[in-house]
Structures are given as C-alpha cells and as structure tokens.
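Welcome, and thanks for taking a look at this one with us. The report below walks through helix packing, a pocket and some backbone details.

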Amino acid sequence: MDDVNANQGISGRPGLGDPAILLATWFGAGLLPVAPGTWGSLAALPLAWLIQLYFGWAGLLAGAAVVFAAGVWSAGVYIRTSGQDDPGPVVIDEVAGQWLVLVPVYPDPVLYGVGFLVFRFVDILKPWPVSWADREIKGGFGVMLDDVLAAAYGAVVVYALSRIAEG
C-alpha cells in the first residue's frame, strides 16, 4: 500500500496514518459514531486524571497549553486535508477544553463527572463570546479557541460547585 492510500480514510475522511490527523481526532476518538465531541471529552478524562495526580493543577494547565498548540496545528492540517471549516472528527479542541475545566478541582470521580457534564453543556450551548469565536474565527486557531472560551465558563462553574460541596 502506498503512502497516499495509507493516509486515506473511509468516506473521503483523512486517514489516521498522518500524525496530525491522529492528534486532531485524539487517536481516533473523534471518528466514533454519534456525538464526536462527547467522545473526545470522555477520552480526555483518563489522561487528565493521571496528569493531575502526578503533576497537580499546574501540570494539567501546562498540558492543556501543549494540547492547544498541537491542536491549532493538527486541526489546521485536518481542515486543509478535508476541505471542511470545523470538521466533526476533530476533537483535540474538546481535550484542551475538558482539561481546562478540570484544572480547579482535584482528581475525584464525582468532580470529573460534573466537569465533563458542565463542559459538554457549555460547549453545546455556546454562550457569548464562545458563539462569536465559533462563527468568526476560522482555521485551526478558531477550532481550538471556542472550546477554550467554553472551558473558562465551565471551570468557573466546576470550581464554584466544588466549593459549595465542601461546605
């Protein structure tokens, strides 16, 4: 099989043979059927747990920054390869956003579950300026930015809920 065929996916989608596509889809999570953003957010949780467990909130924040930078690049490659503005299979933006939502809380199954739900809700609802960024800013940076903005809302909500739960 030649390189062109190795990198060609099904249904005209870019294939996982390209490292940028592998990252953009978060190792294929974005290719799962129905609600790829939800799958991307779920796939982000185990690694977030490990990073935060061993490196604390600062490690998770640094990890989110690295994923953001990698996402700008890899989402841009996916966009150029597929010809779509904001392809559904690109979920690295959900990974960065999900990690940012979890920065203010410690690894706990309930807090991570709440963080997951809150992030998905805000990411789907897209309050301003998330909706503005989603409409107006294009390319890999645009794909990543709206999820980071959504994460800011989510992080505030998750932090507030964790403080209320502590009493």
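## Helix 3 against helix 7

Helix 3 and helix 7 cross in a right-handed sense. Please keep in mind that this is a predicted model. The two axes come within 7 Å, with a crossing angle of roughly 130°. That angle makes helix 3 oblique to helix 7, since angles of 65 to 115 degrees would count as roughly perpendicular and those over 145 as roughly antiparallel.

Which residues meet here? On the side of helix 3 they are Val67, Phe68, Gly71, Val72, Ala75, Gly76 and Ile79, and on the side of helix 7 they are Gly139, Gly140, Phe141, Val143, Met144, Leu145 and Val148. Sorted by class, this contact of helix 3 with helix 7 holds 10 nonpolar and four polar residues, with no charged ones.

## Helix 3 against helix 5

Helix 3, which spans 36-82, also packs with helix 5, which spans 109-125. Their axes come within 11 Å and cross at roughly 130°, and helix 3 and helix 5 are therefore oblique to each other. This crossing of helix 3 and helix 5 is right-handed.

From helix 3, the contact draws on Gly37, Thr38, Ser41, Leu42, Leu45, Ala48, Trp49, Gln52 and Leu60. Helix 5 contributes Pro109, Tyr112, Phe116, Phe119 and Arg120. Taken by class, the residues in the contact of helix 3 with helix 5 are nine nonpolar, four polar and one charged.

## Helix 4 against helix 5

Helix 5 has a further partner in helix 4, and their axes come within 9 Å while crossing at roughly 130°. That makes helix 4 oblique to helix 5. The handedness of the crossing of helix 4 and helix 5 is right-handed.

Here Glu94, Gly97, Gln98, Val101 and Leu102 of helix 4 meet Leu111, Tyr112, Gly115, Phe116, Phe119, Arg120 and Asp123 of helix 5. The residues in the contact of helix 4 with helix 5 divide into six nonpolar, three polar and three charged.

## The largest pocket

If you are curious about open space, how much lies in the largest pocket? The volume is about 160 Å³. Helix 3, helix 4 (92-102), helix 5 and helix 7 (139-166) are the elements that each give two or more residues to its lining.

The lining of the largest pocket has 15 residues, and those nearest the centre are Asp86, Val90, Asp93, Glu94 and Asp123. Two of these names come back from the packing above: Glu94 of helix 4 and Asp123 of helix 5 belong to the contact of those helices.

## Backbone details

Most residues other than glycine have a negative phi, and most peptide bonds are trans. Two places in this model are worth a look with that in mind.

Where is the cis peptide bond? Trp128 and Pro129 are joined by it, with omega at about 5°. Pro129 sits in the loop between helix 5 and helix 6 (130-136). The other place is Phe27, a residue other than glycine with a positive phi, near 60°. Phe27 is found in the loop between helix 2 (19-24) and helix 3.

Notes. Residues are numbered from 1 along each chain as its sequence is written. This is a predicted model: local features need pLDDT of at least 70, side-chain atom pairs count only at pLDDT 80 or more; totals for chains, interfaces and linings use all residues. Side-chain values use heavy atoms; hydrogens and water are left out. On a 1 Å grid over the protein atoms alone, a cavity is a set of points where a 1.4 Å probe fits but cannot get out, and a pocket is an open set with protein on both sides within 12 Å along at least five of seven lines; lining residues have an atom within 4 Å of a point. Grid points are joined across faces, edges and corners, and a volume is the space filled by probe spheres set on the points. Helices (H or I, at least four residues) and strands (E, at least two) are DSSP runs, numbered from the N terminus. Axes are lines fitted to C-alpha atoms, for helices over the stretch in contact, and angles run from 0 to 180 degrees between N-to-C directions. Angles under 35 degrees count as roughly parallel, over 145 as roughly antiparallel, 65 to 115 as roughly perpendicular and the rest as oblique. A crossing is left-handed if the near helix is turned anticlockwise from the far one by less than a right angle, and right-handed if clockwise. Contact means heavy atoms within 4.5 Å. Ala, Val, Leu, Ile, Met, Phe, Trp, Tyr, Cys and Pro count as nonpolar, Asp, Glu, Lys and Arg as charged, and the others, Gly among them, as polar.
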